[in-house]
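User: I would like to learn how to read a protein model, feature by feature. Can we start with charged side chains?

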Amino acid sequence: MVESSLPDASTAVVSVVVDADPADVFPMFTEPRGLAGWFWPAAFAAIYETDPRAGGRFAFRTAGLATGHNVAIRGIFGEVRKPRLVTYIWSWDGDSAPASRVAVRLSPSDEGGTEVVVTHSHNPTEEQRDDHLKAWHDSLSRLADHLAIG
């Protein structure tokens with residue numbers, strides 16, 4: 001079950017326990033093949049480019065033509081501590097809002113598997129925070145389903 005909270009006006013926190021070890025979950029946030037299995041719905045035909053090291057860049061974009069969805073995220077990896085932590089500076093292409101921050105923490109769960117906690121902070125507005133909360137909730141639901149099948 002995906003859980004979420006809003007600790008302040010600029011931060012969304014979303015968590016889920018998935019049926020996999022942290023070492024198997026980590027590439028789901030850093031590698032194109034891992035991201036392609038869950039991040040956006042398959043119908044988006046997204047392309048994921050990553051350079052998962054401190055200071056490395058990433059870009060996620062949808063093909064747009066077939067689905068009518070044409071969105072892109074770009075940013076820079078901050079900390080990359082396999083298999084426990086990855087942080088990003090996160091920007092939406094075409095958005096003049098300041099970049100936000102994402103931290104993904106992975107830890108063994110007491111009930112087995114891995115607890116995934118995504119903290120999306122420094123959102124410039126409460127509306128953007130709420131949008132990120134919903135999007136991470138949807139994405140982490142897909143991640144849990146993807147790992148349960150895989």
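**Charge pairs**

User: Which residue forms a salt bridge with Arg53, and how far apart are the closest N and O atoms?

Analyst: The partner of Arg53 is Asp51, and the closest N and O atoms are 3.0 Å apart. The general idea: side chains of opposite charge can pair when their charged atoms come close. A salt bridge here is a side-chain nitrogen of Lys or Arg within 4 Å of a carboxyl oxygen of Asp or Glu. Before we go on: this is a predicted model, where local features need pLDDT of at least 70 and side-chain atom pairs count only at pLDDT 80 or more, while totals for chains, interfaces and linings use all residues. Residues are numbered from 1 along each chain as its sequence is written, and side-chain values use heavy atoms, leaving out hydrogens and water.

User: How many salt bridges does the structure hold?

Analyst: Six. One of them links Asp93 to Arg74, with the closest N and O atoms 2.4 Å apart. Asp93 sits in the loop between E6 and E7 and Arg74 in strand E5, so this pair ties together parts 19 residues apart in sequence. Those labels are DSSP runs numbered from the N terminus: helices (H or I) have at least four residues, strands (E) at least two. Asp93 is partly exposed at 41%, and Arg74 is partly exposed at 39%.

User: Where do Lys134 and Asp138 lie?

Analyst: Both are in helix H4, four residues apart, which is about one turn of the helix. Lys134 is exposed at 53% relative accessible area, whereas Asp138 is partly exposed at 31%.

User: Which residues form a negative surface patch?

Analyst: Glu3, Asp110, Glu111 and Glu115. A patch takes residues with over 30% relative accessible area and no salt bridge; like charges are joined within 9 Å, nonpolar side chains (Val, Leu, Ile, Met, Phe, Trp, Tyr) within 5 Å. Asp and Glu count as negative, Lys and Arg as positive; His and the chain ends are not counted. Glu115 belongs to strand E8, residues 114-121. With 31% relative accessibility, Glu115 is partly exposed.

**The core**

User: Which residues have the most contacts inside the largest nonpolar core?

Analyst: The general idea first. In soluble globular proteins, nonpolar side chains tend to be buried together. A nonpolar core is a set of buried Ala, Val, Leu, Ile, Met, Phe, Trp, Tyr and Cys residues joined through side-chain atoms within 4.5 Å. Here the largest one has 34 residues, and Phe29, Phe39, Val116 and Leu140 have the most contacts inside it. Elements giving two or more residues to this core include helix H2 (27-30), strand E5 (72-81), E8 and helix H4 (126-149). H4 supplies the largest share, six residues.

**Backbone and distances**

User: Which residues does a cis peptide bond join?

Analyst: Lys82 and Pro83, with omega at about 0 degrees. Pro83 lies in the loop between E5 and E6.

User: What is the phi of Ala45?

Analyst: Near 50 degrees, a positive value in a residue other than glycine. Ala45 is in the loop between helix H3 (32-36) and strand E3 (47-50). Its relative accessible area of 41% makes Ala45 partly exposed. His122 has a positive phi as well, about 60 degrees, and is not a glycine. The loop between E8 and H4 holds His122.

User: How far apart in space are Tyr48 and Arg33?

Analyst: They are 7.9 Å apart, C-alpha to C-alpha, and 15 residues apart in sequence. Tyr48 lies in strand E3 and is buried at 8%. Gly75 is in strand E5 and is buried at 11%.

Notes:
Accessible areas come from the Shrake-Rupley method with a 1.4 Å probe; for residues, only the protein chains shown count as cover. The place of a charge is taken as NZ of Lys, CZ of Arg, CG of Asp or CD of Glu. Buried means under 20% relative accessible area, exposed over 50%, partly exposed in between (1.4 Å probe, protein chains only).
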